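Subject: Structure handover

Hello,

Here is the structure I said I would pass on. Please open it beside this message and follow along; my notes come after it.

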Amino acid sequence: MVPAPDPKDVLAGFVRARVDDRVLFADDVDEAIALVADHVSGDVVLLDVRADLEISTASPGYRVVAAQVDLAHTLAAVEAEFIAREAELLIVPGVVDATGEVLPLSRLAAIAHRHGARVLVDAGQLATRRVINLTSHGIDYVVLSGAIIAGFGPAAVIGRGDRLPPADPAHVTAPVAHGFAQAVLAIADLGFDWIGLHEESLSAVVDEAVRALPGARRLTLWPDARDRVGLAEIAVAGRFETVPIRWGIGTGHAELSRQLNTLANVVFEQEAS
């Protein structure tokens, strides 16, 4: 009987890690990010795209760059922050959690590297939707969430080992680790081409439905973002709260229709009020 592959090797392969990269398990995303951020002696810069990075921006040494009017100006603001004052680490999300825009990770890595810093990507929603390649994208560290990928379990940080502690801070049982790895393999088996086409087809359904609803519009953070995944916030005229719609590899037309029916009810209730 062929033994199951080491879960850490599976996770490293999933993100195309370098041969000398390391994988550590942590209890959650917050702890996984801290495994890197707490081991740098200089400042840490965080790109705030109004998403939950699950880390305190009030921590000493953390400098926050807010999202700007468009992606081009946001990248310029990140660069300007490094020009103004040195830092050792840039932390960015892989996508805007609310609106689904995918961040240009290679360009962000290039900015950090030009100023002698490293980049950490909180992959969150990105890992189940797009290829992550530490080698070709120039990413130094990536954090994966078992809760998102497998529906349970720890987080993992993968990347350059010289600034990582020598051992996992979390005790992860073999069944849990293998479950995390199996979920990653299942995503790889589906293939990111299929995943992207599936999301795109459902995105078209969402956009068509939103256009047909009076006073409804899909929000975007950046008008010049080129790619977005299956995360949407729909604004309804006269209503303060937005309506979230989410779809991905496990979403069928029936589930999407249920969410769109909820949106339509909100719109009609708002019109009647």
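Start at E79: leaving aside neighbours within four places in sequence, E79 is in contact with I111, R114 and H115, where contact means heavy atoms within 4.5 Å. Before going on, note that this is a predicted model, in which local features need pLDDT of at least 70, side-chain atom pairs count only at pLDDT 80 or more, and totals for chains, interfaces and linings use all residues. Residues are numbered from 1 along each chain as its sequence is written, and side-chain values use heavy atoms, with hydrogens and water left out.

E79 sits in helix α3 (residues 71-84). Helices (H or I, at least four residues) and strands (E, at least two) are DSSP runs, numbered from the N terminus. Is E79 buried or exposed? E79 is buried, because its relative accessible area is 18% and buried means under 20% (exposed is over 50%, partly exposed in between; 1.4 Å probe, protein chains only). The E79 side chain also makes a polar contact with the side chain of R114, at 2.5 Å. A polar contact is a pair of N or O atoms within 3.5 Å; within protein, one must be able to donate a hydrogen and the other to accept it, and residues adjacent in sequence count only if both atoms are side-chain atoms.

I111 belongs to helix α4 (residues 105-114). I111 counts as buried because its relative accessibility is 3%. Not counting residues up to four places away in sequence, I111 touches L75, V78, E79 and F82. I111 and V78 are 33 residues apart in sequence, and their C-alpha atoms are 7.7 Å apart in space.

The chain as a whole

The chain has 9 helices and 10 strands. For 273 residues, a compact globule would have a radius of gyration near 19 Å; the chain has 20 Å, which agrees. That radius is taken over C-alpha atoms, and the globule rule is 2.2 Å times the number of residues to the power 0.38. Of the 273 residues, 51% count as buried. Among contacts in the chain with a separation of 6 or more, 65% are between residues 24 or more positions apart.

The open sheet

Three strands form an open sheet in the order β8-β9-β10, with antiparallel pairing. The edge strands are β8 (216-218) and β10 (243-246), each pairing on one side only. From one strand to the next, the twist averages 30°. Two strands pair if DSSP finds at least two bridges between them. Strand β9 (residues 231-236) pairs with β10 over 4 bridges, and L231 stands opposite R246 in β10. On the other pairing, β8 and β9 share 3 bridges, with A216 opposite V236 in β9.

β9 and β10 form a hairpin with 6 residues between them, and G238 in the turn has a positive phi of about 85°. Why is β9 described as largely enclosed by the rest of the structure? The reason is that 6 of the 6 residues of β9 are buried. L231, E233 and A235 lie on one side of β9, and A232, I234 and V236 on the other.

The helices around it

Helix α8 (residues 192-212) lies across β8, β9 and β10, running at about 150° to β8. Helix α9 (residues 253-272) packs on the sheet as well, touching β8, β9 and β10, and its direction makes about 165° with that of β10. Axes here are lines fitted to C-alpha atoms, for helices over the stretch in contact, and angles run from 0 to 180 degrees between N-to-C directions. The buried residues of α8 include F192, I195, L202 and V206. Among the elements covering the buried residues of α8 are α1, α7 and α9.

Helix α7 (residues 174-190) has 17 residues, which should span 24 Å at 1.5 Å a residue; its end C-alpha atoms are 24 Å apart, which agrees. The expected span is 1.5 Å times one less than the number of residues. Buried residues in α7 include A177, F180, V184 and I187. The elements they pack against include β1 (21-26), β7 (155-160) and α8. Just after α7, G191 takes a positive phi of about 90°.

Of the 6 residues of β1, 5 are buried. β1 and β7 pair in the antiparallel sense over 6 bridges, and A26 has A155 in β7 as its bridge partner.

Regards
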